[in-house]
Amino acid sequence: MTAPHTDAAAPTRMTGIGRVLVVVYAVMALAATGRSFVQIVQDFAAAPLAYTLSAAAAVVYVLATVALVKSDSRRWYLVAWVAICFELAGVLIVGTLSLTHPELFLHDATVWSGYGFGYFWVPLVLPFVGLWWLRSGGGRERAEEVDAAAAASDQAGLGAVRTEGSSSW
């Protein structure tokens, strides 16, 4: 029996806090998507600002989930940074507005209202953890390894190493 061929540039599987982070982002993506879908379908006219912000949060969580999974690519690593920074700004701005101007959210809250009170403040904590993980090397080191392997194979005349579509998950 022969051993399966393993490519030196193949991505490693995400472990530890990275995997937990992706799972929490995926759960938040599902929760925010479900919430915004129900809110918009049932009675969008009642609170269009709140429901649109919930939909925006859903898009951000989906994008951040995908970007974190694919963060071994330099492009997706940058997308993860942008998505999580946008998420943090959204949580802080909407959270503050929901407390200082409650009339904006009188009919219904958003995912980020009260800094994520309805979700046990996970929306407030999550971007800080995500940014810490990205800053501490989550995904970035693997992206640099893949880029170095691609450069080495190009110099050796072997062609580019396929990095598009690779995943650390």
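Accessible areas here come from the Shrake-Rupley method with a 1.4 Å probe, and for residues only the protein chains shown count as cover. With that settled, I looked up the surface: the protein chain exposes about 9500 Å², and carbon and sulfur atoms supply 69% of it.

A note to myself on the ground rules. This is a predicted model, where local features need pLDDT of at least 70, side-chain atom pairs count only at pLDDT 80 or more, and totals for chains, interfaces and linings use all residues. Residues are numbered from 1 along each chain as its sequence is written, and side-chain values use heavy atoms, with hydrogens and water left out.

**Fold.** I counted five helices and zero strands in the protein chain, taking helices (H or I, at least four residues) and strands (E, at least two) as DSSP runs numbered from the N terminus. Along the sequence the pattern reads α-α-α-α-α.

**Burial and contacts.** I call a residue buried under 20% relative accessible area, exposed over 50% and partly exposed in between (1.4 Å probe, protein chains only). By that rule, 38% of the 169 residues of the protein chain are buried. With contact meaning heavy atoms within 4.5 Å, I found that 70% of the contacts between residues at least 6 apart in sequence join residues at least 24 apart.

**Aromatic pairs.** Rings of Phe, Tyr and Trp (its six-membered ring) pair if their centres lie within 6.5 Å; planes under 30 degrees apart are stacked, over 60 edge-to-face, and the rest tilted. My search of the whole structure gave three aromatic pairs. In one, the ring centres of Tyr25 and Tyr61 are 6.0 Å apart with planes at 50°, so the pair is tilted. Tyr25 sits in helix H1 (residues 17–43) and Tyr61 in helix H2 (residues 48–69), so this pair ties together parts 36 residues apart in sequence. Tyr25 is buried, at a relative accessible area of 0%, and Tyr61 is buried at 0% too.

Next I followed Tyr61 to Trp112: an edge-to-face pair, 6.4 Å centre to centre, with 70° between the planes. Trp112 is in the loop between helix H3 (74–100) and helix H4 (122–135), 51 residues from Tyr61.

**Core.** A nonpolar core is a set of buried Ala, Val, Leu, Ile, Met, Phe, Trp, Tyr and Cys residues joined through side-chain atoms within 4.5 Å. The largest one has 33 residues, and those with the most contacts inside it include Tyr25, Tyr61 and Trp112. H1, H2, H3 and H4 each supply at least two of its residues, with the largest share, ten residues, coming from H2.
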